[in-house]
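Hi everyone, thanks for making time for this.

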Amino acid sequence: MYFALTEDQRDFGAAVRDVLTGKFDTEAVREVVEAATSEGGAGDGHPAALWQAMGEQGWLAVLVPEEHDGLGLGLVDAQVIARELGAGVAPGPWRGTVLAAEAIRLAGSASQQRDWLPRLAAGAVVGALALRGSTEEGWPAVEYAEVADALVVADGTGLRLLRRDEVATRRLDSFDGTTRLAAVALADGVGEPLPGGTAEVHAELSARAAVLVAADLVGGAREALTRTVDYDRERKQFGVPVGSFQAIKHALADLHVGVIMAEHAVLYAAHALDSGPATDPDAALAVAVAKSKASDSAALVTGAMIQYHGGIGYTWEHEVHFFYKRAKRLAGTYGTADDHRARIAELTIG
């Protein structure tokens, strides 16, 4: 069977890429990164122009059902967007908003869905999701919790939906300036329970989140590799392009194979979740393979990107560090490669 994106999905990805190239290029990303590293950590990492484009282009509505003003598409389509955002090292709460909408779609009551889904789809409100890592003090390192209007958290009883005024946040430092993280604390009894917040729904959300993070990683890995190859075709040593040296050609070829494998693993995992529940062993295996391969591939490629750019690759002025730091952070988000390899072993050999 031939398994690939459809022409419409490829066109969708190209459209996302064109918007990012035209409205939020690497220099715009640099402004967000430098705001995070400035004294006092200025900036919320949530550029208004990019967010407006996300809403207008339907990127936030991709998984929201049509009856709630969404596009009603699948996770395969959502991972197309996630890849392009990773390739553009784009900041902003896209993933958290899409996943909060998924939590409400899967577990919310009819009234909760009517209240929140159309607004999340349009970008009128911002969402965030905290499924893992809760402690007695709250949830550490939640992406864009400071700007979230709707925060979905998992606790011992299921899922709860909280509004901004029900949440206390504290900005956290992050080596990855393309995001903003905050610790979250809640008062007892606040928020609305999502009545369908079962263990099965929690597993579904975790799997979907892992696939979207993996898609971001492979998007960044592909772009990092492309930029590295282009640079080494031009950079010269001893009068010839360094890319003509056999050792570098072989290393880059191996990285290309690794990225290809990760890309296909992510695509298949998204397809598996579109076709059945995350509790299905085959779907669970596909998700674990995708996240482990994506984490490994992105770490290898972005590390090589620094090395194969020579001295310029180690400087603050070059964009290499955007890709490397984002890959390092996301490699551990929703499970490290080792976590997912342990899951693979559990599912295959018991």
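I'll talk about a pair of helices, then some cavities, and then a salt bridge. Keep in mind that this is a predicted model.

Let's begin with the helices. Please find helix H7, residues 199-234, and helix H9, residues 281-308. Their axes lie 8 Å apart, and the packing angle is about 25°. Angles under 35 degrees count as roughly parallel, so H7 is roughly parallel to H9. As for handedness, the crossing of H7 past H9 is left-handed. What kinds of residues make up the contact of H7 with H9? There are 18 nonpolar ones, along with 4 polar and 3 charged.

How many cavities of 30 Å³ or more does the structure hold? It holds 3, and I'll take you through two of them.

The largest cavity has a volume of about 150 Å³. Its lining is made of 15 residues, and nearest the centre you'll find Ala90, Gly92, Trp94, Arg95 and Arg326. Two elements give two or more residues to that lining: helix H5, spanning 94-107, and helix H10, spanning 320-330. The largest share comes from H5, with 3 residues. By type, the lining of the largest cavity splits into 6 nonpolar, 4 polar and 5 charged residues.

Next comes the second largest cavity, with about 60 Å³ of space. Here our helix pair comes back: H7 and H9 each give two or more residues to the lining, and H10 does too. Among the lining residues are Asp216, Leu217, Ala298, Thr302, Phe323 and Ala327. The lining of the second largest cavity divides into 7 nonpolar, 3 polar and 2 charged residues.

Last stop, the salt bridges. A search of the whole structure turns up 23 of them. Let me show you one, between the side chains of Arg329 and Asp176, with an N to O distance of 2.6 Å.

Key. Residues are numbered from 1 along each chain as its sequence is written. This is a predicted model: local features need pLDDT of at least 70, side-chain atom pairs count only at pLDDT 80 or more; totals for chains, interfaces and linings use all residues. Side-chain values use heavy atoms; hydrogens and water are left out. Axes are lines fitted to C-alpha atoms, for helices over the stretch in contact, and angles run from 0 to 180 degrees between N-to-C directions. Helices (H or I, at least four residues) and strands (E, at least two) are DSSP runs, numbered from the N terminus. Angles under 35 degrees count as roughly parallel, over 145 as roughly antiparallel, 65 to 115 as roughly perpendicular and the rest as oblique. A crossing is left-handed if the near helix is turned anticlockwise from the far one by less than a right angle, and right-handed if clockwise. Ala, Val, Leu, Ile, Met, Phe, Trp, Tyr, Cys and Pro count as nonpolar, Asp, Glu, Lys and Arg as charged, and the others, Gly among them, as polar. On a 1 Å grid over the protein atoms alone, a cavity is a set of points where a 1.4 Å probe fits but cannot get out, and a pocket is an open set with protein on both sides within 12 Å along at least five of seven lines; lining residues have an atom within 4 Å of a point. Grid points are joined across faces, edges and corners, and a volume is the space filled by probe spheres set on the points. A salt bridge is a side-chain nitrogen of Lys or Arg within 4 Å of a carboxyl oxygen of Asp or Glu.
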